[in-house]
Amino acid sequence: MPTTEPVEASRRSRPRRWLAAVVVGAAGLAAAGALLAALAFALVYVNLPPIDALADYRPRIPLRVWTADNVLIGEFGEERRDFVRIEDVPPVVKLAVLAAEDDRFYQHSGVDYAGLARAAVANVLAGRRGQGGSTITMQVARNFFLSSERSYLRKLYEIALAYKIEATLPKDRILEIYLNQIFLGQRAYGFGAAARIYFGKKIGDLTVAEAAMLAGLPVAPSAYNPAVNPRRAKVRQQYVLGRMRQLGFIDQAQYETALAEELKPRTALAATEPTTGARLRGSADFAAEMARQLMFEVFREETYSRGLNVYTTLIAAEQQAAYSALRTQVLDYDRRYGYRGPEAFVDFTGDAAAREQRIEDALVEAIDSPGLVPAVVLEATPEKAVAVVTGGERLTIEGDGLRFAARALNAKAQPAQRIVPGAVIRLTRLSKGGWEIAQLPQVEALFVAANAADGAVRALVGGFDYNLNKFNHVTQGWRQPGSSFKPFIYSAALEQGFTPSTVVNDAPIYVDPALTGGQLWEPKNFEGKNEGPMRLRQALAKSKNLVSIRVLQTIGPENGQQWATRFGFDPDKHPPYLTLALGAGAVTAWQMLAGYSVFANGGHRVSPYLITRVADANGKVLMEAPAPAPLDEANRAIPARNAWLMDSLLRDVTRYGTAARASATLKRADLAGKTGTTNDSHDAWFAGYGGGIVGVAWMGFDQPRPLGQRETGGGLALPIWIGYMQTALKGRPEEAHPMPEGLVVVGNETYFEEFPPGRGIASVGVAEEAASPAPTDAAASDEKKPLPASKQVF
């Protein structure tokens with residue numbers, strides 16, 4: 001009987017042979033694959049770009065503009081970056097980043113294969129390429145040399161570059177580059193800039209909780225932006241804190257403290273808080289923009305990446321005081337004329353998701369303005385309103401917070417003015433807590449101040465809000481100066497024989513069209529009253545229009561026009577007509593600043609300037625402003641005695657005249673200046689000085705229209721000036737100018753020595769009491785009626 005054992009043995013050995021064949025085949029394929037991978041890697045490696053950009057890392061650093069006392073007021077460039085050397089990065093930030101991105105950074109050689117394996121498994125399970133498993137070194141390679149495309153070939157290049165970078169640079173240098181280069185949202189590149197932008201802090205001052213929140217941003221800056229998506233950001237922060245605890249980077253107590261810490265990233269609501277720290281947020285935007293324009297003229301496109309630092313003459317505390325005073329006065333004026341209604345309306349129809357998206361879009365489109373938070377109304381009744389702001393926070397407005405807009409909450413309000421669900425409104429904080437409905441003002445204003453001796457600008461606010469209106473009213477706005485121009489006419493008159501004691505008749509007059517450059521003119525005083533004969537000193541203090549016209553008529557409009565050029569005014573902007581006496585020409589606030597400086601510094605022309613020096617990122621000075629010209633005879637504008645006597649006249653304006661509020665509030669004897677209000681109150685001015693500082697304030701509408709029937713420069717512009725000077729004059733001694741040569745004192749008055757009483761012009765228009773014929777137009781009767789007594793015809 002034949003045996004079956006060999007057959008059985010053969011059958012049993014077949015699976016083994018197949019298994020061996022499979023193993024050998026797999027090994028061969030693996031070897032071939034490895035060989036091919038090695039070959040591909042080699043080909044990729046030899047074709048890698050040079051990494052000189054990393055070895056000589058020069059980050060794109062924006063243009064920065066600073067005050068004279070080193071406070072940041074402006075930053076220009078696509079990438080906002082504060083370069084921080086690795087030794088200056090606090091351990092908590094390093095550890096948070098390592099926990100979030102690459103905890104084995106100091107152990108691997110550029111590639112963490114365990115991390116790559118985890119990412120590959122996750123991608124297979126998800127059925128898509130989601131995770132990349134990139135180390136910090138790989139991210140540096142990608143950010144500098146590769147596109148954002150997700151492909152296996154790009155990953156291979158990323159790995160190869162990581163090895164090359166690790167072979168060239170030490171670990172700390174690689175981490176330093178990463179911490180300064182990575183994009184973290186809000187145009188912030190690097191953790192130094194992110195600390196400042198999100199939390200208003202230097203990187204060294206971050207808490208564990210704040211460091212963890214920033215460390216969670218690189219994976220998806222938009223999704224985890226704490227200013228826009230606070231809930232998502234909190235979840236991501238908790239993950240980072242958990243990793244830090246798991247890795248032993250922080251202990252349990254630190255972990256629990258960080259979890260419980262309430263974070264306050266800068267959001268729309270943060271803009272309502274007072275400005276603190278080493279930056280003036282928004283208060284000096286106009287000055288910063290002036291600096292940017294000047295730098296671009298010199299450095300062109302390099303302006304925004306070379307790391308230029310522009311140092312201005314501004315004083316941070318004074319700049320903030322000017323900004324606050326201007327905004328307060330503008331908002332106070334705006335409130336007097338009532339609530340105008342919502343800015344826009346959001347469509348609340350459709351499903352909840354669509355409505356939420358439209359609300360978010362409306363809040364994004366609303367222009368930011370400090371202290372005036374955009375909000376969309378969700379509920380509105382005469383007793384209560386509920387509104388949502390950026391970030392999703394809901395605010396309840398009730399009680400005093402509704403008073404300003406009470407009529408708009410009434411069911412009888414006009415549709416365009418009524419506050420209903422969907423209305424886009426503004427909210428501001430109440431001093432006693434809570435929120436109040438507010439609105440963006442339509443009126444504009446400016447303020448600028450400088451040293452009288454050299455023209456160094458100490459504060460400059462070109463408008464209510466740069467975000468709302470980028471027109472710089474200080475340098476670009478040509479407006480009628482009104483009565484604030486009168487001192488330049490009075491200065492000219494002193495040279496022609498007028499004295500502070502000259503008596504001029506404050507009586508009605510008619511002015512022939514040939515003398516006005518237009519039509520028949522019957523000017524009036526602002527208050528509509530006439531006081532008869534009065535001394536020149538009193539007339540300027542009370543801003544008497546009819547006196548100023550008689551003065552200019554006496555010296556001649558051409559003389560007034562030419563004398564004004566000594567103060568820096570353009571003659572073509574001030575035609576030689578009698579209307580010049582009332583400031584009917586056109587000036588900029590910059591010119592008024594220079595003009596009033598002449599009275600303040602003893603008669604010398606100074607040119608206002610803003611920039612002292614420009615340095616590169618390493619501190620090397622590239623440009624420097626020349627030293628201001630000395631106050632000597634070479635730059636004299638008017639005689640010293642003229643300036644001294646005008647200063648005396650202008651001080652009376654602030655003592656008992658139209659600007660008496662200045663001395664009453666500031667309690668100083670060295671204040672001087674002049675109010676100005678144009679026809680129909682289109683422009684309101686105050687220009688003045690004290691303690692060696694000159695300041696100019698203005699308020700008006702960009703498209704000229706009346707500010708209000710009784711609105712004046714003393715009521716609108718002067719409070720801005722006072723608000724600034726309350727800060728600027730602290731600790732500054734009062735100025736007492738010694739009397740120059742060429743003056744004599746007779747009784748209680750001062751005169752030019754050649755024009756003492758009896759030799760100068762004693763009076764104007766006082767003896768002309770007889771009636772005079774009034775001019776008529778061509779259609780009028782030939783019979784001319786006599787004018788009332790004291791009415792004069794020119």
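## Close-up views

**View 1. Arg613 stands opposite Glu624 in strand S16.** The model is predicted. Three bridges join strand S15 to strand S16 (residues 621-624), and the two run antiparallel. Five residues lie between the strands of this hairpin. Gly619 takes a positive phi there, near 95 degrees.

**View 2. Strand S15 also pairs with strand S3.** The partners cover residues 611-615 in S15 and residues 309-312 in S3. Their pairing is antiparallel and spans four bridges. Thr312 faces the S15 residue Ile611, standing opposite it.

**View 3. Five strands form an open sheet.** The strand order is S11-S10-S19-S18-S17, and the pairing is antiparallel. Strand S11 (457-461) and strand S17 (672-677) are the edge strands, each pairing on one side only. Neighbouring strands are turned by 5 degrees against each other on average, direction ignored. Helix H13 (residues 316-336) packs on the sheet. H13 touches strand S10 (444-451), S11 and strand S19 (693-700). The direction of H13 makes about 30 degrees with that of S11.

View 4. Gly676 stands opposite Trp685 in S18.

**View 5. Trp721 is among the residues with the most contacts inside the largest nonpolar core.** This core has 120 residues. Phe447, Tyr596, Phe599 and Tyr724 join Trp721 in the group with the most contacts inside the core. Which residues does Trp721 touch, not counting residues up to four places away in sequence? They are Phe447, Ala662, Leu666, Leu671, Phe686, Gly688, Tyr689, Gly695, Val696 and Ala697. A second, separate core has 52 residues, including Ala100, Ile136, Val240 and Leu241. In soluble globular proteins, nonpolar side chains tend to be buried together.

**View 6. Helices H15 and H18 cross at roughly 40 degrees.** The axes of helix H15 (residues 486-495) and helix H18 (residues 545-555) come within 10 Å. On the H15 side, the contact is made by Lys486, Ile489, Tyr490, Ala492 and Ala493. On the H18 side, Asn545, Val547, Ser548, Val551, Leu552 and Ile555 meet them.

Technical notes: Residues are numbered from 1 along each chain as its sequence is written. This is a predicted model: local features need pLDDT of at least 70, side-chain atom pairs count only at pLDDT 80 or more; totals for chains, interfaces and linings use all residues. Side-chain values use heavy atoms; hydrogens and water are left out. Two strands pair if DSSP finds at least two bridges between them. Axes are lines fitted to C-alpha atoms, for helices over the stretch in contact, and angles run from 0 to 180 degrees between N-to-C directions. Contact means heavy atoms within 4.5 Å. A nonpolar core is a set of buried Ala, Val, Leu, Ile, Met, Phe, Trp, Tyr and Cys residues joined through side-chain atoms within 4.5 Å. Buried means under 20% relative accessible area, exposed over 50%, partly exposed in between (1.4 Å probe, protein chains only).
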